[in-house]
Amino acid sequence: MSAFPAPFDAVVVGASGGLGAALVERLEADPRVGRVHGFSRSGGAPLDLTDETSIAAAAATVKAPRLVIVATGLLHGPGVAPEKRIAAVDAQGLARSFQVNAIGPALVMKHFGQRLPRDGKAVLAVISARVGSIADNRQGGWYGYRASKAALNQLMRTAAVELAMHRKDAICVALHPGTVDTPLSKPFQKGVPAGALFAPAYAAAQLLAVIDRLSPHDTGRFLAWDGRNIPF
Ligand SMILES: NC(=O)c1ccc[n+]([C@@H]2O[C@H](COP(=O)([O-])OP(=O)(O)OC[C@H]3O[C@@H](n4cnc5c(N)ncnc54)[C@H](OP(=O)(O)O)[C@@H]3O)[C@@H](O)[C@H]2O)c1
């Protein structure tokens with residue numbers, strides 16, 4: 001375990017989301033944290049994952065953050081619905097899933113990653129999903145979401161390898177928050193066993209505890225809310 005030099009600034013991309021808002025709230029209450037910069041299209045300062053110029057402009061407003069969390073994601077919305085069968089796969093829906101779940105976060109890693117301090121603990125964490133694990137896929141379904149999260153995991157892992165060359169204390173990880181009661185999971189909560197649906201505040205606290213325990217030797221890992229390793 002290595003500790004963040006305090007005080008430090010934090011960034012939450014997706015600050016308007018169920019999990020993102022809970023992360024912002026918890027970070028704002030943390031005495032070690034100086035400023036929390038929240039971004040999204042509808043809350044905090046503006047950032048649209050589908051517009052690289054807006055990502056670069058957002059990154060330029062932040063100086064040397066020690067913690068950057070990408071808490072954006074898309075499972076359902078206009079033109080996107082989790083596909084149960086390959087017959088339901090649609091090019092535009094797939095492209096939209098990749099755009100929001102993989103390409104946008106990669107651009108956030110590109111623009112915010114270079115702003116991490118050169119020395120001392122710094123963490124770049126992307127919120128992924130266990131269903132993005134290829135090794136763990138026994139149930140099938142949700143083609144676009146699964147595949148775009150698998151792509152996100154690979155982009156994170158590749159960035160972790162590169163980051164280690166330039167910033168020896170920096171850590172890049174993908175995190176699974178558990179099943180969390182947010183607009184993203186709302187339509188799919190019926191089958192979730194009692195006790196397995198987390199309040200956003202609980203999931204945020206768990207993820208921040210995992211982040212606190214990280215050391216450079218953890219870089220490139222895919223970890224769940226309880227700190228356990230998830231196979232890629
Ligand atoms: N909830 C769960 O059970 C669960 C389980 C596993 C993994 N996850 C992952 O956890 C993360 C957080 O999800 P959540 O449950 O908090 O979902 P959510 O409440 O639906 O929030 C999604 C966030 O993504 C942002 N976003 C979407 N498209 C965007 C775009 N084009 N540009 C910028 N921001 C965009 C939204 O902001 P705006 O719309 O305001 O831009 C919002 O802040 C996601 O990565 C999700 O895949 C969630």
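Q: Which hand does the crossing of α2 and α3 have?
A: In this predicted model, α2 and α3 make a right-handed crossing.

Q: Which residues of α2 and α3 meet?
A: From α2 come E52, I55, A56 and A59, and they meet L107, V108, H111 and F112 in α3. Sorted by class, this contact has 6 nonpolar residues, 1 polar and 1 charged.

Q: At what angle do α1 and α5 pack?
A: Helix α1 (residues 18-28) packs with helix α5 (residues 200-213) at an angle of about 65°, and the axes are 8 Å apart. The crossing of α1 past α5 is right-handed. On the α1 side you can find G18, L19, A22, L23 and R26, which meet P200, A201, A203, A204, A205 and L208 of α5. That contact holds 9 nonpolar, 1 polar and 1 charged residues.

Q: How many residues surround the ligand, and which are the closest?
A: The ligand has 29 residues around it, with G17, R41, S42, G73 and T182 the closest. By class, the shell consists of 12 nonpolar, 15 polar and 2 charged residues.

Q: Which element supplies the largest share of that shell?
A: Look back at α1: it gives the largest share, 3 residues. Both α1 and β7 (179-180) supply at least two residues each.

Terms used. Residues numbered from 1 in each chain as written. Predicted model: local features only at pLDDT ≥ 70, side-chain atom pairs only at ≥ 80, totals over all residues. Axes fitted to C-alpha atoms, helices over the stretch in contact; angles between N-to-C directions. Helix = DSSP H or I, 4+ residues; strand = E, 2+ residues; numbered from the N terminus. Left-handed = near helix turned anticlockwise from the far one by under 90°. Contact = placed C-beta atoms within 7 Å. Nonpolar A, V, L, I, M, F, W, Y, C, P; charged D, E, K, R; others polar. Near = placed C-beta within 6 Å.
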